[in-house]
Amino acid sequence: MNNIDILIVGAGGAGLSTAIEAKRAGLNVTVVSKTQITASQTCQAQGGINAVLDDTKDSIKEHIADTLKSAHGIGNEESIKYMCENAKESIEWLNKLAVPFSRDEQGNIAQRKLGGTKNKRACYSSDYTGLKILHTLFDTCLKEDIEFLEEYMLLDLIVERNTIKGIVALDICSGNIMQILAKKVVLATGGYAGIYTNYNTNSYATTGDGVASMNRVNGEISNMEYVQFHPTALKGSSILISESARGEGGYLVTKDGIRFIDELKPRDEVARAIYEKIQNGNEIYLDVRHLGYERILHLMPQEYNLTLQYTGLRMDEDLIPISPAAHYSMGGILTSKDGQTSINNLFAVGECSNNGVHGANRLGGNSLLEIIVFGRLVGQNINNKLDEITFEDKEYEIYKYHKEEYKSIMSYPNEINLYTVKEELGKILFEDVGLFREQKCLKQALNKVVQYKKDKYLMGLGDKGKLYNTNLKEFYELQNMIELSILVIQSALEREESRGAHYRIDYKNENSKYNKPTVMGAI
Amino acid sequence: MKLVVCSKEYEIEEKVDNLLSALNYIKSYHNNSLAYRSGCKSGICGSCAVLVNGTEKLSCKTVIVENDTVEPLRNSNIIKDLVVDISVQNKLLKKANAQLQSFQQDTILENDVQIIDKESNCILCNSCYSSCPVYEVNKEFIGPFALVRAYRYIDDKKEINKKNIIDHIQDNGVFSCTLCGNCNMVCPSLIDIKGDIMKLQNKSVQHGHQNPNMMSGFNDSLDFGFNPNGF
């Protein structure tokens, strides 16, 4: 596949926002997605999207200050400033695309309070904010006639002389390995919190494929140790219960009904406080009973239904048992504010990227904002010098490699079950590379994960067929997860301090020596 | 516990009672080649709809019991096992012009948002498409999810060009529906699809369209074996 101006890998809010702006700038745009277009992680965002809409009640200055504070000194002030200053305009953009935001009594877009701020700043659509934004963006893409390649998995980036040429992908449906060339490529492949198998709130698809691909071409990646643990996932299933439950007035309590922390502190602090209690043998519960049935159903219908379905409990009558779970990756592909990566003509945007807007800890409501603001920014600027790029119609080495590699994978013996490894990996990471970390456990985890990497050749597939072989897809995903886990652990070992979501029990304080992002893979 | 997936029996651990977990268990330990779609585990990504004992369900939201049978959705070509070809989805949505055509600035109150609240929660799981008897005989039918999405924009106060969408849902559209209500029964987002299509029929008439079935007389109308009017 050739002659694509802009190839966008990933169809969440970031990828689709980029696609819409690039298409509207007159470019030929193709979006590649591992899942069906509307099945990306964005659909699971519940709580809201931050913006200062009324400067008599809130201010951009405060939004910047709250975000910077939460970033704990390793955020990028330029990116944060740009995001906060362009938040209102992005909400207006979404509003004009027809995102059905909830309204207050005067007909203004309604806003709720989330953690890490004193102000009501998060615009929302009940607790289906991500779903409604994603589907509205998708509808817009259909109207704009944007090309989709659905169910194609990114295997590797094609890079020559530090310049992107395209990607190698697996067409999941046919089982064919494809070379897709483009003048510029945007990675919008999502985060890597899915490496914490069974201990995360993410989709099965969130396996950090883009970040792992970037690592394999020695592109710069950054802050990999920074994984956010959401304070309130349902105990056992790790189903997300949004921060909106606390934002609307919910409490965190012990079984005796005793509150033990300000529920609207930043997520890292709340999650650690909960986990500490749980490790000491307590059950911790979310209590929203005092809000009443009608208010709960109006403001958080999704959370109400999920809780009922997965626990059999009613939020209006029962205490809901919760536990923290991996939720979001602050780290990822290092980019400038404008999404430029360390590789020419390759951009990254959204959760797979790190342009410094979250630093050491992301605020609730800033992730949806990030994907829209920077997705649009990348799409608007991507036309720059596009005409100077020419295609070279040839089979690139990495494409040839993958065609051979495919044959090799099919010949690996099935001595180790990759699904068992995936589950073990999740458990190791949650226990040893989780909310509380220390050198001994991190090293122990690293040894085990490095062994998994070596065991690749024994994780042969039971499915040797070509057609819709998810066994093969999951093999590739697991290799990415293992690779990323090693990076997370190495970065966590390197940062001998505690800062934001990265907490070392052997180095409990911030150390100014580490007052900068962790960067790996510099060529 | 015994579970029958695509006509093949599997023994599942007793503690696994969620269908998606059961499929994961089968894939991990019994049959690596079993193909099915899944994603969010929480009923919102729309990937995992299948037939359970003949009825459309999201795997991730289904509690299984002994001897349940699991099959792929109807009305689509099967790619493999529980995976069906849903590439027609985007074509139908485009055909229906189920997108905002022209934005207009207007005062929008919470009541206005509530009118399209359920409709804008459609997750495109294709359950309605699978349950629809009209598809069995007419693959050109725009169908429930695309009509719901058309309704979502037609009843959005931000849409000034409602007629454009209404005009696009006439050919094999609103009046081809038999109003059997199957789609309502299977929609995991609890959308009143039949009610929305009835409203779209009224709106179509208000915008100058006619019911082609009525024009040709009741006796000549297509007979799908069910007549909601009781004639």
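This is a predicted model: local features need pLDDT of at least 70, side-chain atom pairs count only at pLDDT 80 or more; totals for chains, interfaces and linings use all residues.

Modeller: Residues are numbered from 1 along each chain as its sequence is written, chains are lettered from A and ligands numbered from 1 in the order in which they are written, and side-chain values use heavy atoms, without hydrogens and water.

Colleague: How many helices and strands are there in chain A?

Modeller: Helices (H or I, at least four residues) and strands (E, at least two) are DSSP runs, numbered from the N terminus. On that basis chain A has 15 helices and 18 strands.

Colleague: What radius of gyration does chain A have, against that of a compact globule?

Modeller: The radius is taken over C-alpha atoms, and the globule rule is 2.2 Å times the number of residues to the power 0.38. With 523 residues, the rule gives a value near 24 Å, so chain A agrees with it at 22 Å.

Colleague: What share of the residues of chain A count as buried?

Modeller: Buried means under 20% relative accessible area, exposed over 50%, partly exposed in between (1.4 Å probe, protein chains only). Of the 523 residues, the buried share is 66%.

Colleague: Where is A:Thr201, and is this residue buried or exposed?

Modeller: A:Thr201 sits in the loop between β9 (176-187) and α6 (209-216) of chain A. Its contacts (heavy atoms within 4.5 Å) include A:Gln41, A:Ser238 and A:His327, leaving aside residues up to four places away in sequence. Its relative accessibility is 5%, so A:Thr201 counts as buried.

Colleague: Which three residues of chain B supply 14% of the area that chain B buries against chain A?

Modeller: In the interface, 53 residues of chain B are in contact with 55 residues of chain A. Buried area is the accessible area (1.4 Å probe) that two parts lose on being put together, summed over both. The two chains bury about 4,400 Å² between them, 50% of it on carbon and sulfur atoms. The three residues that supply more than any other three are B:Asn32, B:Lys41 and B:Ile44.

Colleague: What share of the contacts in chain B with a separation of 6 or more is between residues 24 or more positions apart?

Modeller: Chain B has ten helices and seven strands. Its C-alpha atoms fill a box of roughly 60 × 45 × 30 Å along the principal axes. Among its contacts with a separation of 6 or more, residues 24 or more positions apart account for 64%.
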